[in-house]
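Take a look at the model below. This report walks through its sheet, its core and one of its pockets.

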Amino acid sequence: WLQSDRSVGRYGTGTDKSLSLEAATESEAELAWVNKALGRVLPGVYLEEGRAVTRDPALDRRRTRLHGPLLDDFVGRWELTVCGRDMTVPSRLYTAPLPVVQAYLRSLFQAQGYVSIRRSSGSVELAVASEGLGRGAQRLLARFGIFSRVGAYRDRKPDRKTCWLLSVRTEGGRRGGEDQIGFIDEREPEQLQRTFQTPGPP
């Protein structure tokens, strides 16, 4: 999650330059997932939570901020200071136990993924700014036997930058993602079920 809806920086002024992390969530389910994960990997770190104003009243957007000296080691180990087009999947995940990889992918797809339903097919997609992050996620999905494609998406609007789109299009891949990765919020699983009602590649 901290590679998606987040910010990383130095907190405070003067002599107080401790590192801070901020994670953004948009539903109770996302907030519960993030807080549970943070409590497990960063016990004892000071945490602040606040609401954010949104244009959509249906969104429950919260910002969870953590700060303190204990964050420095965590941020370094998980390469969280890298951002934007330079971002990649943390190298330690390529050999991490599958439950750890599953939690990472579930967070990534919840924060930046979506279910796409077309007239003739459906897919699960992940849109990211970095090619390295997209291809890294593709490698991690392959550890679960899930086939995906990664390609550049260029928006026609001149002020938009190229993003990278990972797509899981086959029915077998989508079912594998549902069974082995899953989403955090209940809205996406409902949409995913609808993709199985459309014809498409097996």
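Two strands count as paired if DSSP finds at least two bridges between them. Keep in mind that this is a predicted model.

**The sheet**

Start with an open sheet of four strands. Their order is E5-E6-E8-E7, and the pairing is antiparallel. Strand E5 (113-117) and strand E7 (149-153) form the edges, and each of them pairs on one side only. From one strand to the next, the twist averages 30 degrees. What holds such strands together? Strands of a sheet pair through backbone hydrogen bonds, either parallel or antiparallel.

Now follow strand E6. E5 pairs with E6 over five bridges, in the antiparallel sense. A hairpin of four residues makes the link between E5 and E6. On the other pairing, E6 (residues 122-128) meets strand E8 (residues 163-168). Five bridges join E6 and E8, and the two run antiparallel. The table lists residues that stand opposite each other.

| Residue | Stands opposite | Strand of the opposite residue |
|---|---|---|
| Tyr-114 | Glu-125 | E6 |
| Ser-116 | Ser-123 | E6 |
| Val-128 | Trp-164 | E8 |

How covered is E6? Six of its seven residues are buried, so E6 is mostly covered; buried here means under 20% relative accessible area.

Helix H3 (residues 98-112) lies across E5, E6 and E8. H3 runs at about 90 degrees to E6.

**Ser-167, a residue of the sheet**

Find Ser-167 in strand E8. Is Ser-167 buried or exposed? Its relative accessibility is 3%, so Ser-167 counts as buried. Set aside its neighbours within four places in sequence. Ser-167 is then in contact with Val-124, Glu-125, Ser-148 and Arg-149.

**The core**

The largest nonpolar core has 40 residues. Which residues have the most contacts inside it? They are Leu-93, Tyr-104, Leu-105, Phe-109, Leu-141 and Leu-166. Several elements build this core. Strand E2 (19-25), helix H1 (28-41), H2, H3, E6, H4 and E8 each supply at least two of its residues. H3 gives the largest share of the core, five residues.

Leaving out neighbours within four places in sequence, Phe-109 touches Tyr-114, Val-124, Glu-125, Leu-126, Leu-141, Leu-166 and Phe-183.

**Leu-140, a residue of a helix**

Leu-140 lies in helix H4 (residues 131-142). With a relative accessibility of 0%, Leu-140 counts as buried. Which residues does Leu-140 contact, leaving aside neighbours within four places in sequence? They are Val-89, Leu-93, Tyr-94, Val-101, Tyr-104 and Leu-105. Leu-140 also shows how a fold brings parts of the chain together. Leu-140 and Leu-98 are 42 residues apart in sequence. In space, the C-alpha to C-alpha distance between Leu-140 and Leu-98 is 9.3 Å.

**A pocket**

Turn to the second largest pocket. About 170 Å³ of space lies in it. How many residues line this pocket? There are 14 lining residues. Nearest the centre lie Val-124, Gly-177, Glu-178, Ile-181 and Phe-183. Helix H5 (171-180) and helix H6 (187-195) each supply at least two residues of the lining. The largest share, four residues, comes from H5.

Last, visit the loop between helix H2 (71-77) and H3, where Glu-79 is found. Phi of Glu-79 is near 55 degrees, a positive value in a residue other than glycine. Why point this out? Most residues other than glycine have a negative phi. Is Glu-79 buried, exposed or partly exposed? Its relative accessibility is 25%, so Glu-79 counts as partly exposed.

Key: Residues numbered from 1 in each chain as written. Predicted model: local features only at pLDDT ≥ 70, side-chain atom pairs only at ≥ 80, totals over all residues. Heavy atoms only, no water. Axes fitted to C-alpha atoms, helices over the stretch in contact; angles between N-to-C directions. Contact = heavy atoms within 4.5 Å. Buried < 20%, exposed > 50% of the residue type's maximum accessible area, 1.4 Å probe, protein only. Core = buried A, V, L, I, M, F, W, Y, C linked by side-chain atoms within 4.5 Å. 1 Å grid on protein atoms, 1.4 Å probe; cavity = no way out; pocket = protein on both sides within 12 Å on 5 of 7 lines; lining within 4 Å. Points joined across faces, edges and corners; volume = space filled by probe spheres on them.
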